[in-house]
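User: I would like to go through this chain with you, from the overall fold to single side chains. Please give the cut-off behind each term as it comes up.

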Amino acid sequence: MAEGPAESKPQCAGARSLPGNDIDRAWMARALEVARAGAMRGEVPVGAVVVRGEELLAESHNRTADACDPTAHAELVAIRKAARRLGDWRLVDCTLYTTLEPCSQCAGAIVLARVPRLVFGAADPRAGMAGSLGNLVQDTRLNHRAGVVSGVLADESAELLRTFFRSRRRLAARGETRRDTGRSTGPSQP
């Protein structure tokens, strides 16, 4: 007996499929909360969480300003915390959620830590190394590659960054200082 055509789910006009699944969106929402906490401290609002199964292992926002460390990106800090918590540098059963596509440094850390799955929000056409500028996390020449799910809560992630930088530009235009460090956001004064 021949089977009929597969039934399709009705969709409203203009409806679009959301990337990721409900679990991915829930963990990305947590990464966004962490990113907002970073923004409150004057950090660029990027948040990352490392999850194994249903367990949150580690989370972080960017800490580059706080730590005076250009390598203290959210992903890298979260990976370090997760590895310490597990007592193993290999994060083989984990998923890393990050609100912004990882840069080359963070993509390299994902590969080195053997993270099998990366989920990110907003693409980064200027520095993203998980599909935008390049794709280090899936480079076949490397000994490890991560599966990638992109665009999960991308609009929310991108809006958080736009709002943050818009605010920074307004402060700089007025010559005001960043509240978290007292450093000027504008041109240096003689």
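User: What is the order of the strands in the open sheet?

Analyst: This is a predicted model, in which local features need pLDDT of at least 70 and side-chain atom pairs count only at pLDDT 80 or more, whereas totals for chains, interfaces and linings use all residues. Residues are numbered from 1 along each chain as its sequence is written, and side-chain values use heavy atoms, with hydrogens and water left out. Helices (H or I, at least four residues) and strands (E, at least two) are DSSP runs numbered from the N terminus, and two strands pair if DSSP finds at least two bridges between them. The pairing in this sheet of five strands is mixed, and the order is β2-β1-β3-β4-β5.

User: Which strands stand at the edges, and why is one side of each left without a neighbour in the sheet?

Analyst: In general, strands of a sheet pair through backbone hydrogen bonds, either parallel or antiparallel. Each of the two edge strands has a single partner strand, so one side of each is left without a neighbour in the sheet, and these strands are β2 (55-61) and β5 (147-150).

User: In which sense do β3 and β4 pair, and what is the bridge partner of Leu100 in β4?

Analyst: Strand β3 covers residues 94-100 and strand β4 covers residues 117-122, and the two pair over five bridges in the parallel sense. For Leu100, the bridge partner in β4 is Ala122.

User: At about what angle to β3 does helix α1 run?

Analyst: Contact here means heavy atoms within 4.5 Å, and axes are lines fitted to C-alpha atoms, for helices over the stretch in contact, with angles from 0 to 180 degrees between N-to-C directions. Helix α1 (residues 22-40) lies across β1 (47-52), β2, β3, β4 and β5, and its angle to β3 is about 55°.

User: How many residues of β4 are buried?

Analyst: Buried means under 20% relative accessible area, exposed means over 50%, and partly exposed is in between (1.4 Å probe, protein chains only). Across the 190 residues of the chain, 40% count as buried. Strand β4 is mostly covered, and of its six residues the number buried is five.

User: How far apart in the chain are Asp66 and Arg41?

Analyst: The side chains of Asp66 and Arg41 meet in a salt bridge of 2.5 Å, N to O. Both count as partly exposed, Asp66 at 36% relative accessibility and Arg41 at 40%. Asp66 lies in helix α2 and Arg41 in the loop between α1 and β1, and the pair links distant parts of the chain, 25 residues apart.

User: What is the distance from Glu75 to the nearest side chain of opposite charge, and which side chain joins Glu75 in a polar contact?

Analyst: Lys and Arg count as positive and Asp and Glu as negative, while His and the chain ends are not counted. Glu75, in helix α3 (residues 74-86), is buried yet has no salt bridge, and the nearest side chain of opposite charge, Arg80, is 11 Å away. A polar contact is a pair of N or O atoms within 3.5 Å; within protein, one must be able to donate a hydrogen and the other to accept it, and residues adjacent in sequence count only if both atoms are side-chain atoms. Such a contact, of 3.2 Å, joins the side chain of Glu75 to that of Thr98.

User: Is Leu153 buried or exposed?

Analyst: Most residues other than glycine have a negative phi. Leu153, in the loop between β5 and α5, has a positive phi of about 55° although it is not a glycine. At 18% relative accessibility, Leu153 counts as buried.

Definitions and conventions. Salt bridge = Lys/Arg side-chain N within 4 Å of Asp/Glu carboxyl O.
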